[in-house]
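Colleague: Hey, could you walk me through this one? I'm new to it.

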Amino acid sequence: MTPGGGGPMKDCEYSQISTHSSSPMESPHKKKKIAARRKWEVFPGRNKFFCNGRIMMARQTGVFYLTLVLILVTSGLFFAFDCPYLAVKITPAIPVVGGILFFFVMGTLLRTSFSDPGVLPRATPDEAADLERQIDIANGTSSGGYRPPPRTREVIINGQTVKLKYCFTCKIFRPPRASHCSLCDNCVERFDHHCPWVGNCVGKRNYRFFYMFILSLSFLTVFIFAFVITHVILRSQQTGFLNALKDSPASVLEAVVCFFSVWSIVGLSGFHTYLISSNQTTNEDIKGSWSNKRGKENYNPYSYGNIITNCCAALCGPVSPSLIDRRGFIQPDTPQPAAPTNGITMYGATQSQSNMAAATPLLQSEPSLTSEELPLPGKTTLGAPCATLSLGQPTPPSSMPNLTSETVLTDMIPLKEEHDGHQFLTPEEAPSPPGMLSTGSPITHSHTLHVLSLASQDSLHEDSVRGLVKLSSV
């Protein structure tokens with residue numbers, strides 16, 4: 001727009017011109033940022049996670065939903081049909097006490113079902129390999145013949161020898177009292193049992209909540225059953241027993257459910273009360289780990305010798321933190337080294353140059369001459385202390401398995417003594433071409449830029465064909 005013009009200036013858009021040449025390894029478009037994944041998304045065990053890893057459960061949760069339905073339906077019917085009558089006829093404290101028990105039962109159930117029971121993290125590949133080496137060294141495994149080493153270790157706890165078993169799935173030696181759950185496919189610390197009614201394993205981190213759940217559920221079941229019977233008796237005194245059943249059919253359903261449930265729930269609560277008082281687990285009690293039948297000197301090394309102390313140790317101690325860090329982010333993978341070539345070198349390139357060429361694909365397609373080759377008249381050669389040809393040369397025939405790089409260099413590349421009349425530039429004397437790396441860079445010592453005419457390219461091709469003919473005649 002001319003100076004002094006009255007019209008508004010139009011908005012102009014400018015596009016930035018990239019001065020860097022694109023390469024096959026670089027995408028012209030910006031790479032999209034990959035969202036960081038959390039550890040629960042790649043957890044190796046058979047578990048289900050909800051709420052971004054905050055809730056952890058077993059994969060088989062059908063029985064857990066049945067538990068929820070039974071508790072919710074039975075308690076709901078009791079509060080809807082029995083509590084109004086009992087609050088008027090007896091005392092309004094009945095629905096209050098029932099509500100407290102109900103919320104306590106639901107809270108401990110969800111806490112048991114949705115928490116980490118004490119899963120032990122699996123060994124990484126490096127840790128597993130190091131552990132295998134330790135096992136081989138400890139057992140003196142020789143190369144003369146294969147003998148599976150024993151997969152146990154022994155530790156002494158309060159004077160009692162305890163064996164630590166090796167887990168072939170988790171690749172670790174399990175700590176004392178730990179066991180591998182076949183349903184969840186995890187090693188659980190202080191493993192008690194896998195309970196399908198809560199949809200989770202019961203271990204070190206959720207055992208106290210499991211015990212409080214079954215204990216409070218026992219009180220709730222007895223409470224509902226007792227007051228349902230009281231409700232039916234009070235109504236039967238007014239209208240008769242059959243009329244009382246017809247007037248409150250929900251009470252009949254509650255009584256039936258509670259009658260068949262109370263025996264198993266109360267019995268389970270008593271059994272775990274015994275286990276807590278003796279500081280045992282269900283797994284140890286079933287196996288008879290500390291039974292006197294195994295020997296007179298066999299005793300439980302974890303018992304404090306006092307019922308109150310054992311109960312306090314199981315129920316009142318601090319909850320240990322989770323070891324699997326299921327909500328943590330996965331760290332980016334570190335670059336892996338190149339795969340070994342078992343000593344087989346590529347035709348016209350050494351092992352170090354092959355790795356360098358793989359790391360710098362931009363220089364693979366550029367033809368290069370070694371500092372020992374004959375430069376063409378009238379052409380300037382930028383020499384580099386390379387001893388071989390680049391990857392652009394043809395590969396040798398498959399009938400030459402024992403071919404070495406020294407043989408290839410002898411036939412393919414003229415020696416320096418044959419061309420004493422020619423001068424070569426060292427990397428320090430050679431000027432750095434524009435856009436290339438400096439001579440101090442390790443890449444410039446392996447790959448240099450050369451300006452070749454058509455005649456020089458034809459000459460190089462003839463030398464390559466001549467070398468192949470010599471190799472075939474050997």
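Modeller: One term before we start: when I say two residues are in contact, I mean they have heavy atoms within 4.5 Å. With that in mind, asparagine 279 is in contact with Arg177, Arg190, Asn300, Tyr302, Ser303, Tyr304 and Asn310, leaving aside its neighbours within four places in sequence. And keep in mind that this is a predicted model.

Colleague: Where is asparagine 279 found?

Modeller: Asparagine 279 sits in the loop between helix 6 and helix 7, the latter being residues 282–287.

Colleague: And is asparagine 279 buried or exposed?

Modeller: Buried. The relative accessible area of asparagine 279 is 7%, and buried means under 20%, so asparagine 279 counts as buried.

Colleague: OK, new topic. What is the mean pLDDT of the protein?

Modeller: The mean is 74, and 61% of the residues reach 70 or more. Over residues 1–6 the pLDDT is below 50, and that stretch has three contacts in the model beyond near neighbours in sequence.

Colleague: How many contacts does the model have for residues 432–455?

Modeller: There are 41 contacts beyond four places in sequence for residues 432–455, where pLDDT stays under 50.

Colleague: Let's talk helices. At roughly what angle do helix 1 and helix 6 cross?

Modeller: Roughly 145 degrees, and the axes of helix 1 (residues 62–89) and helix 6 (residues 249–278) come within 10 Å. The crossing of helix 1 and helix 6 is left-handed.

Colleague: Which residues make the contact?

Modeller: On helix 1 you have Thr74, Leu77, Phe78, Phe81 and Asp82, while helix 6 brings Ala250, Ser251, Leu253, Glu254, Val257 and Cys258. Sorted by class, the contact of helix 1 with helix 6 has seven nonpolar, two polar and two charged residues.

Colleague: What does threonine 74 touch?

Modeller: Not counting residues up to four places away in sequence, threonine 74 touches Val69, Ile224, Glu254, Val257 and Cys258. Threonine 74 is buried too, with a relative accessible area of 10%.

Colleague: Last one. What's in contact with histidine 180?

Modeller: Histidine 180 belongs to strand 6, residues 179–181. Leaving aside neighbours within four places in sequence, histidine 180 is in contact with Cys167, Thr169, Cys170, Arg174, Asp185, Asn186 and Cys187. The C-alpha atoms of histidine 180 and cysteine 167 are separated by 7.6 Å, and these two are 13 residues apart along the chain.

Colleague: With which side chain does the histidine 180 side chain make a polar contact?

Modeller: With that of aspartate 185, at 2.9 Å.

Conventions:
Residues are numbered from 1 along each chain as its sequence is written. This is a predicted model: local features need pLDDT of at least 70, side-chain atom pairs count only at pLDDT 80 or more; totals for chains, interfaces and linings use all residues. Side-chain values use heavy atoms; hydrogens and water are left out. Axes are lines fitted to C-alpha atoms, for helices over the stretch in contact, and angles run from 0 to 180 degrees between N-to-C directions. Helices (H or I, at least four residues) and strands (E, at least two) are DSSP runs, numbered from the N terminus. A crossing is left-handed if the near helix is turned anticlockwise from the far one by less than a right angle, and right-handed if clockwise. Ala, Val, Leu, Ile, Met, Phe, Trp, Tyr, Cys and Pro count as nonpolar, Asp, Glu, Lys and Arg as charged, and the others, Gly among them, as polar. pLDDT is the predictor's confidence in each residue, from 0 to 100. A polar contact is a pair of N or O atoms within 3.5 Å; within protein, one must be able to donate a hydrogen and the other to accept it, and residues adjacent in sequence count only if both atoms are side-chain atoms. Buried means under 20% relative accessible area, exposed over 50%, partly exposed in between (1.4 Å probe, protein chains only).
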